[in-house]
Amino acid sequence: MTNHILDTQIEYLKGIGPKRAEILKKELGIFYYRDLLHHFPFRYVDKTKFYDIKDISSSSAYIQVKGIISNIQLIGEKKGQRLTAKLTDSTGSIELIWFKGFKYLKDKYTSGKTYIVYGKPSAFVGKYNIVHPDIEDPEENKNNIPNQFEAVYNTTEKMKNIGLNSKAIHKSMKVLLNQCFDCINENLPLSILNKYKLLNRKNSYLQIHCPTSSTLLKQAERRLKFEELFFIQLQLIQSKLFNYKKLKGVKLEKVGTYFNNFYKNCLPFELTNAQKKVIKEIRKDTNTGHHMNRLVQGDVGSGKTLVGLMAMLIAIDNGYQVCMMAPTEILANQHYNSISKFIKDLNLEIKLLTGSTKTKERRSIHENLLSGELKILIGTHALIEDTVQFNNLGMVVIDEQHRFGVSQRAKLWKKNTIPPHVLVMTATPIPRTLAMTLYGDLDVSVIDELPPGRKPIKTFHGYESKRLRVFGFIKEQIKEGRQIYIVYPLIEESEKLDLKNIMEGYDAITRAFPSPEYRVSIVHGKMKPENKDYEMDQFAKGNTQIMIATTVIEVGVDVPNATTMVIENAERFGLSQLHQLRGRVGRGGNQSYCILMSNYKLSADSKKRIEIMVDTNDGFIVANEDLKLRGPGDIEGTRQSGVLNLKIADIIKDEILIKYAREIAQEILKDDPNLTKSENSNMKQFLEQINKNKTNWSRIS
């Protein structure tokens, strides 16, 4: 919308003014007329139905009554003061009560006048009343836009304190629509509107805020949801096309000595078909001369690191340097150690660069990178420092990328004249709807098989009464030479949360598993890095049998001999985190187990999460359920993207519409990639408005 009226600051709208405008800006981010227009209702009140007072019962939900108000009076004193009134129709009367805002309300209503009252009735001493009812003067609405369903808007306490409740927002919305209706320009071609039977844009905004029928309301919702999702897809697909057509990538033409030697002589196990498929996709991408931007999704333990390494070996065979960036020192160390073992017979130099790297070692790394002698660099965000300069960087592998900010990732991307190929890896499976909106400009590969010999982890739910049985099971596993993780949600006691903290847990476990028969490690985030590394190293070497830890081990500990994961207070963890923790076991050939310990009192959501964990090991099923339970705003990495600030569409409920919008966007851009055709001009103009003053980091997101 480029019309100047919709760009008017919100304080100039009749009934708002500077004071209310300030609150709207702070509370809802509403600065301009167009922002208010996009503040959509979250539900509607059916204004066509009126109740008789005599029909009100204790089972009545929200009701609408028309009658005469009388006996308006303040009663009580000080904190007990309240405003009351009587509402009477031809069948009886009911009391209206206000405990707040009555100083403002007591002169607002005229005794003996007819009003429309809406609210939830409640019973007190055998009589019904409505507390804090919404009241409308039917005379005031005569000249306004008619509507049969009244929109209800989200508000905050601060807004209500200055009279900006849902009713006031709705009133302002009607003023806005009366003033700006003709300024709402269509942004979709007529061909799309006709072909897909979409309501035009003006009427969609009118019907979403002031519906005149349930049919038109549904049509308006469908149109505006489609519009929102369609322009997201248009941006993502255009970005992808731009990358492919305009951006050069280093051409990796051959698969040479390093890759072939590794494949024939160094592979620790035979690649799965899923791994082979992803490597072929990477090989195809990097041989085109275009820039690769590929996301590899794979469940915990599916062999993503090995795929990342083989992609890096292709780059090295073509004379380029490579790097892998991980979000934590623990994970960077793990990648360094595992890749070092993989390539120990290849005569390739590999180095680790983190915040803990000593100055002398750091200087040596910088020199060898610049000379081109150092081929593989593994590290944390230390890799993006300006002092880290490559001779010819050809491939960047980013692990658990959602833990990095987009601008951080972009710095790596710029460390070569021709942008290096980017391979993004994540062990957090992304639901299809989320992938289509969040990563729609990337090519996506999925590793959906576990390496041969891996057995599915068996997951059980246990209450406190099962504690001794769990301890007995742990002793059996240790007797068989296996190792155990026990994870706690807190480090220290919390007065607010009745949880087992890790120090109490350590005391309890060391009593149940006494030395010298049993050896126990402890790891948590408040330990010094060297102490943490020592304890982890002891466990990794098999010198300790039980590791008591916080979620610091969620990523970065790879011990194939660890077969049992006990998670205390499992109800306190999110689904994604439970799945990540469970993935720390089952990494060897032995049967592994995950035991979820919880309190007896569980919320419905907690019970559902635990049931899902017990029922499935499939990370994609877990991710989809997590999305349903938590919503996209809470899924890691989606907040920073900016893509999912949806105003009306729902990433979960509108999966079919997302797919629909993507297919239509692809169809249009295939025919007219730059939107230069006259029928697409309004679409192009709207897209330019969206992209105005917006940094495009999407090429590395």
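Leaving aside its neighbours within four places in sequence, which residues is Thr-380 in contact with?

## Thr-380

Thr-380 is in contact with Met-325, Ala-326, Thr-328, Glu-329, Ala-332, Leu-353, Thr-354 and Gly-355, leaving aside neighbours within four places in sequence. Contact means heavy atoms within 4.5 Å. Thr-380 sits in the loop between β13 and β14 (393–399). Its relative accessible area is 2%, so Thr-380 is buried. The cut-offs are under 20% for buried, over 50% for exposed and partly exposed in between, with a 1.4 Å probe and protein chains only.

## Basis of the model

This is a predicted model, in which local features need pLDDT of at least 70 and side-chain atom pairs count only at pLDDT 80 or more, while totals for chains, interfaces and linings use all residues. Residues are numbered from 1 along each chain as its sequence is written, and side-chain values use heavy atoms, leaving out hydrogens and water.

## The chain overall

The chain has 24 helices and 22 strands. These are DSSP runs numbered from the N terminus: helices are H or I with at least four residues, strands are E with at least two. Of its 701 residues, 52% count as buried. Among contacts with a separation of 6 or more, 74% join residues 24 or more positions apart.

The accessible surface comes to about 33,600 Å². Carbon and sulfur atoms hold 49% of that surface. Areas come from the Shrake-Rupley method with a 1.4 Å probe; for residues, only the protein chains shown count as cover.

## Helix α13

Helix α13 covers residues 359–371. Its 13 residues should span 18 Å at 1.5 Å a residue, and the end C-alpha atoms are 19 Å apart, which agrees. The expected span is 1.5 Å times one less than the number of residues.

Arg-362, Ile-365, His-366, Asn-368 and Leu-369 are buried in α13. An α-helix has 3.6 residues a turn, so residues three or four places apart point the same way. The buried residues of α13 pack against β11 (321–325), β12 (350–353) and β13 (376–379). Gly-372 follows α13, with a positive phi near 90 degrees.

## The second largest pocket

The second largest pocket holds about 1,800 Å³ of space. Its lining has 47 residues; the closest to the centre are Asp-134, Asn-165, Ser-166, Lys-167 and Ala-168. A pocket is an open set of points on a 1 Å grid over the protein atoms alone, where a 1.4 Å probe fits, with protein on both sides within 12 Å along at least five of seven lines; lining residues have an atom within 4 Å of a point. The volume is the space filled by probe spheres set on the points.

Helix α5 supplies the largest share of the lining, eight residues.
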